[in-house]
Amino acid sequence: MAKFTLKSVIICEDARKEDNGKEMLIGVYNDVVVVGSFPAIIDRLFVRLSIDCDPDYEGDYSFSLTGPRKQEILKIAEKVGKQPDDEPGRVFGFGMRGFPAQDEGYYDIHFALGKVPKKIGSFVVRMPKIESEVARLALAN
């Protein structure tokens with residue numbers, strides 16, 4: 001397993017690369033996704049990771065999301081090449097349309113360079129708890 005240091009995990013609806021090289025993050029969540037009922041389908045979910053690691057690392061990486069019952073919802077396993085010389089770290093982005101949130105609770109994010117994934121973050125999917133959340137859901141529908 002290659003070592004890495006997690007710099008950030010951002011959960012949002014979408015991310016787009018602009019012509020000037022910047023990223024535009026759309027609909028950033030504060031680690032809580034509020035839905036009207038369960039089971040729910042979240043239209044778009046995007047997870048952006050930024051890490052530091054050995055710039056010469058070439059090999060396998062994996063990303064996965066598991067639900068409250070520890071069921072695997074998404075798994076991606078691919079290869080990564082060497083880090084470009086002019087970049088201070090690596091950024092990975094994983095998007096999904098129609099994210100199935102079957103249950104209220106914590107959804108865990110796992111990542112690995114090499115073969116052994118490690119939990120690097122989580123977010124909660126839940127029903128509204130306060131009036132402002134109820135109002136936001138009404139506006140969205």
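Q: Why is Arg-16 called partly exposed?
A: In this predicted model, Arg-16 has a relative accessible area of 39%.

Q: What makes the contact between Asp-14 and Arg-16 a salt bridge?
A: The N to O distance between the side chains of Asp-14 and Arg-16 is 3.2 Å.

Q: Is Asp-14 buried or exposed, and how do you know?
A: Asp-14 has a relative accessible area of 15%. Because buried means under 20%, Asp-14 is buried.

Q: How do you know that Asp-60 forms a salt bridge with Lys-79?
A: The closest N and O atoms of Asp-60 and Lys-79 are 2.6 Å apart, and the cut-off is 4 Å. The pair links distant parts of the chain, with Asp-60 in strand β6 and Lys-79 in strand β7, 19 residues apart. Lys-79 has a relative accessible area of 64%; since exposed means over 50%, Lys-79 is exposed.

Q: Why does the pair of Asp-52 and Lys-7 tie together separate parts of the sequence?
A: Asp-52 forms a salt bridge with Lys-7, the closest N and O atoms being 3.5 Å apart. Asp-52 lies in strand β5 and Lys-7 in strand β1, so the bridge connects parts that are 45 residues apart in sequence. Asp-52, at 31% relative accessibility, counts as partly exposed, and Lys-7, at 43%, is likewise partly exposed. The whole structure holds ten salt bridges.

Q: What makes Asp-108 count as buried?
A: Asp-108 has a relative accessibility of 7%, and buried means under 20%, so the residue qualifies. Asp-108 is located in strand β9. Among the residues that Asp-108 touches are Ser-64, Leu-65, Gly-121 and Ser-122.

Q: How do you know that the side chain of Asp-108 makes a polar contact with the side chain of Lys-70?
A: The contact between the side chains of Asp-108 and Lys-70 is 3.4 Å, and the criterion is a pair of N or O atoms within 3.5 Å. A polar contact of 3.5 Å also joins the side chains of Asp-108 and Lys-119.

Q: How are strands β6 and β9 joined?
A: Six bridges join β6 (residues 59–66) to β9 (residues 105–113), and the two strands run antiparallel. Because pairing needs at least two bridges, β6 and β9 pair. One of the links is between Ser-64 and its bridge partner His-110 in β9. The open sheet consists of five strands in the order β4-β10-β9-β6-β7, with mixed pairing. Its edge strands are β4 (32–34) and β7 (72–80), each of which pairs on one side only.

Q: Which residues have the most contacts inside the largest nonpolar core?
A: They are Phe-63, Phe-99, Phe-111, Leu-113 and Phe-123, in a core of 33 residues. Strand β5 gives the most to this core, with seven residues. Phe-111 touches residues including Phe-4, Leu-49, Ile-51, Phe-63 and Ile-120. In soluble globular proteins, nonpolar side chains tend to be buried together.

Conventions. Residues numbered from 1 in each chain as written. Predicted model: local features only at pLDDT ≥ 70, side-chain atom pairs only at ≥ 80, totals over all residues. Heavy atoms only, no water. Helix = DSSP H or I, 4+ residues; strand = E, 2+ residues; numbered from the N terminus. Buried < 20%, exposed > 50% of the residue type's maximum accessible area, 1.4 Å probe, protein only. Contact = heavy atoms within 4.5 Å. Polar contact = N/O pair within 3.5 Å; in protein donor to acceptor, adjacent residues only side chain to side chain. Core = buried A, V, L, I, M, F, W, Y, C linked by side-chain atoms within 4.5 Å. Lists of a residue's contacts leave out its neighbours within four places in sequence.
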